[in-house]
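Here are a few notes to read alongside the model.

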Amino acid sequence: MRIAVIGGGVAGLTAAGSAVGAEVVIFEHTEKVGKKIYITGKGRCNFTNICDCQTFLQNVVSNAAFLRSAIYRFPPRSAVELLEKNGCKTKTERGRRAFPVSDKASDVTKALISYARGNGADIRLDCDVIGISAVSDGFEVKLKSGVSEYFDKVILCTGGKSYPVTGSDGRAYDIAAAFGHRIVEPVPSLTDIITKEDISAAEGLTLKNITLSADGIKPIFGDIMITDRGISGPATLTLSAYTSRRKYPFKIFLDLKPALTDGELDDRLVRDFGGMLNKQFKNALDLLLPKSIIAYIIEQSGVRPDKQVNSITKAERRAVAETVKNFELTAVGNGGFGRAVVTSGGVDVKQVNPKTMESKIVRGLYFGGEILDVDALTGGYNFHIALATGHAAGTGASELI
């Protein structure tokens with residue numbers, strides 16, 4: 001049996017290694033496989049999260065139920081075992097995040113290549129697939145070079161549209177659609193948020209241990225960073241995942257002191273102001289907040305910045321506390337696919353068998369990885385989804401051998 005794997009990323013390499021006993025050919029349209037792996041986790045490659053399957057699925061944003069079978073069949077420990085067996089030593093760090101011991105993403109890539117080649121996979125680089133057609137006994141894979149090859153089965157693992165410089169340009173959506181598959185509109189996820197308010201004077205500031213929320217989204221605890229166009233950082237990426245399909249503009253709220261109740265924050269302000277009675281208000285928040293954000297807090301509070309601290313009223317003090325607990329920004333956009341960690345959207349999973357990743361429309365056509373309408377939060381979950389769906393597709397495609 002001949003199986004064509006279109007795409008040499010995480011899912012493609014895993015599918016190729018998992019299709020035991022089949023003659024597998026990987027078609028990669030760039031000059032090397034695993035290009036996106038090299039930038040994963042800032043080059044360190046957080047490849048999974050060492051948690052139980054139920055916890056894992058709770059961190060999936062889109063279509064967790066669809067992934068249930070694949071994750072239980074290929075849990076986080078299986079990812080560790082796969083890499084270890086193929087020469088990549090691993091370690092687990094804070095937040096249960098798993099990395100290669102070397103902190104080099106290239107070692108993960110080498111291990112996945114070893115896994116694929118260990119099953120005899122033929123990896124072909126600079127091979128651009130421009131079309132796939134169903135024929136009487138399988139599929140015709142058409143290459144840009146003008147050559148056509150024939151396969152019994154095809155696994156599409158071409159990724160989404162995030163980080164297009166790595167080769168993920170979404171071109172295979174058209175192939176899937178031509179076979180009758182519905183494509184859920186791809187949108188950026190895990191990305192920066194652009195705000196209407198210009199807070200760029202605080203660019204580079206990291207606000208630690210705050211909460212970030214939006215209407216209908218429970219507060220997200222973590223860190224954010226102020227950028228030249230809005231906000232970024234871990235909590236921002238999480239919020240962007242939950243709001244990826246929300247229409248702009250919408251309000252977001254920062255609680256800069258989530259550890260303090262409203263009453264405790266008011267008491268804190270009373271104490272701080274008590275030692276600065278002769279100062280102007282604009283110079284009286286240094287003990288509470290980073291300097292570069294203070295001007296924005298004052299502006300939103302409505303209290304005159306040049307007002308003497310000893311003349312600030314109780315109502316004004318409460319307005320300051322309320323602003324600190326509910327600093328309001330207006331989201332008007334995001335960082336786009338060029339900065340998005342993953343794509344939300346893709347092949348509608350209602351048309352895919354969750355156990356084998358085989359199309360319910362076209363027999364012998366399979367999917368793996370980010371081309372599917374599945375995405376998760378940061379922490380190694382998305383990388384593992386590519387591993388697990390690739391594994392399911394590879395074993396599913398070869399089970400009849």
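Two strands are said to pair if DSSP finds at least two bridges between them; helices (H or I, at least four residues) and strands (E, at least two) are DSSP runs, numbered from the N terminus. This is a predicted model, in which local features need pLDDT of at least 70 and side-chain atom pairs count only at pLDDT 80 or more, while totals for chains, interfaces and linings use all residues. Residues are numbered from 1 along each chain as its sequence is written, and side-chain values use heavy atoms, with hydrogens and water left out.

1. Strand 8 (residues 129-135) runs antiparallel to strand 9, and six bridges join them. Within strand 9, Glu140 is the residue opposite Ser133.

2. Strand 9 also has a partner in strand 10 (residues 148-151), again antiparallel, through four bridges. Here Glu140 has Tyr150 as its bridge partner. Four residues lie between the strands of this hairpin, and Gly146 takes a positive phi near 100 degrees there.

3. Is strand 9 (residues 138-143) largely enclosed or largely open? Five of its six residues are buried, so strand 9 is largely enclosed by the rest of the structure. Buried means under 20% relative accessible area, exposed over 50%, and partly exposed in between (1.4 Å probe, protein chains only).

4. Strand 2 (residues 23-27) is largely enclosed too, because four of its five residues are buried. Five bridges pair strand 2 with strand 1 (residues 2-6) in the parallel sense, with Ala4 opposite Val25. Strand 2 also pairs in the parallel sense with strand 7 (residues 122-124), over three bridges; Phe27 has Arg124 as its bridge partner there.

5. Now the nonpolar core, a set of buried Ala, Val, Leu, Ile, Met, Phe, Trp, Tyr and Cys residues joined through side-chain atoms within 4.5 Å. The largest one has 82 residues, of which Phe27, Ile132, Val141 and Leu372 touch the most other members. Helix 11 (residues 381-398) gives this core its largest share, nine residues. A second, separate core of 42 residues includes Leu212, Ile252, Leu288 and Ile293.

6. Finally, please look at Ile312, in the loop between helix 9 (291-301) and helix 10 (314-325). Ile312 is buried, with a relative accessible area of 13%. Leaving aside residues up to four places away in sequence, Ile312 touches Phe273, Phe281, Lys307 and Arg317, where contact means heavy atoms within 4.5 Å.
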